[in-house]
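Thanks, everyone. I'll take you through one structure this morning. Please have the sequence and the 3D view open.

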Amino acid sequence: MALVAGVDSSTQSCKVVVVDTGTGAEVRTGRALHPEGTEVDPGAWWKALLSALDAADGLGDDVDGLAVAGQQHGMVLLDRDGRILRDALLWNDTRSAGAARDLIGELGVDGLVERTGSAPVASFTSTKVRWVRDAEPDVVPAIAAVALPHDWLTWRLRGFGPEGEAPLGPVLEELVTDRSDASGTGYWESCRGRVRSRPLRGHPRPSGT
């Protein structure tokens with residue numbers, strides 16, 4: 001019997017399901033709640049994931065594969081040591097609506113749509129980074145990486161993270177993403193398959209894309 005585990009880290013909770021690939025039957029499951037709100041400490045997601053895994057009796061040697069899904073658009077800011085600089089702004093945090101309008105005004109909606117496939121709105125990661133630049137300028141010099149919630153969790157699951165908290169340490173170059181998540185950032189050039197080198201005029205280059 002071959003088993004695979006699926007992780008879904010959504011806005012409200014983290015769910016783990018271990019499935020028999022031969023029959024599709026659920027073998028074991030676990031679930032843990034996330035904090036409420038539109039601004040959340042990513043560490044709470046990590047604790048919820050560990051709790052959900054524990055409730056599902058862990059991964060164990062009998063699990064042959066692992067897939068991770070998670071909420072899109074959110075913004076996780078890391079320093080060079082892999083530490084979180086501020087609480088993550090989630091997709092449903094709309095304080096960056098003004099930043100979205102500013103980006104459209106400066107870069108033009110037609111050009112943005114041509115390059116990224118979308119016009120930025122408050123849920124997009126790019127607008128949240130722009131908001132931080134304008135509202136919290138003291139944070140900006142320390143930013144070494146911008147990651148999506150899904151991608152940060154994958155990075156942690158692979159063994160990376162702050163020194164002393166993760167066995168492989170803070171290797172930011174190991175942050176990864178996928179085209180689906182990247183398409184909702186506002187800085188992924190879908191037509192060219194790359195990240196814009198200077199996506200938001202003066203912002204650090206996002207990692208994991």
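Start with the sheet. It is open, has four strands, and runs in the order E3-E2-E1-E5 with mixed pairing. Keep in mind that this is a predicted model.

Now look at the edges. Strand E3, residues 26-33, and strand E5, residues 63-70, stand there. Each has a single partner strand, so one side of each is left without a neighbour in the sheet. On average, neighbouring strands of this sheet are turned by 15 degrees against each other, direction ignored.

Next, the strand pairs. E1 covers residues 3-9 and E2 covers residues 13-20. How many bridges pair E1 with E2? Seven, in the antiparallel sense. The link from E1 to E2 is a hairpin through three residues.

Move on to E2 and E3. They run antiparallel, joined by seven bridges. Here Cys14 stands opposite Ala32 in E3. E2 and E3 also form a hairpin, with five residues between them. Find Gly24 in that turn: its phi is positive, about 80 degrees.

Last, the helices. Which strands does helix H1 lie across? H1, residues 42-55, lies across E1, E2 and E3. It runs at about 150 degrees to E3. Helix H5, residues 149-157, packs on the sheet too, touching E1 and E5. The direction of H5 makes about 155 degrees with that of E5.

That's the tour.

Technical notes:
Residues are numbered from 1 along each chain as its sequence is written. This is a predicted model: local features need pLDDT of at least 70, side-chain atom pairs count only at pLDDT 80 or more; totals for chains, interfaces and linings use all residues. Side-chain values use heavy atoms; hydrogens and water are left out. Two strands pair if DSSP finds at least two bridges between them. Helices (H or I, at least four residues) and strands (E, at least two) are DSSP runs, numbered from the N terminus. Axes are lines fitted to C-alpha atoms, for helices over the stretch in contact, and angles run from 0 to 180 degrees between N-to-C directions. Contact means heavy atoms within 4.5 Å.
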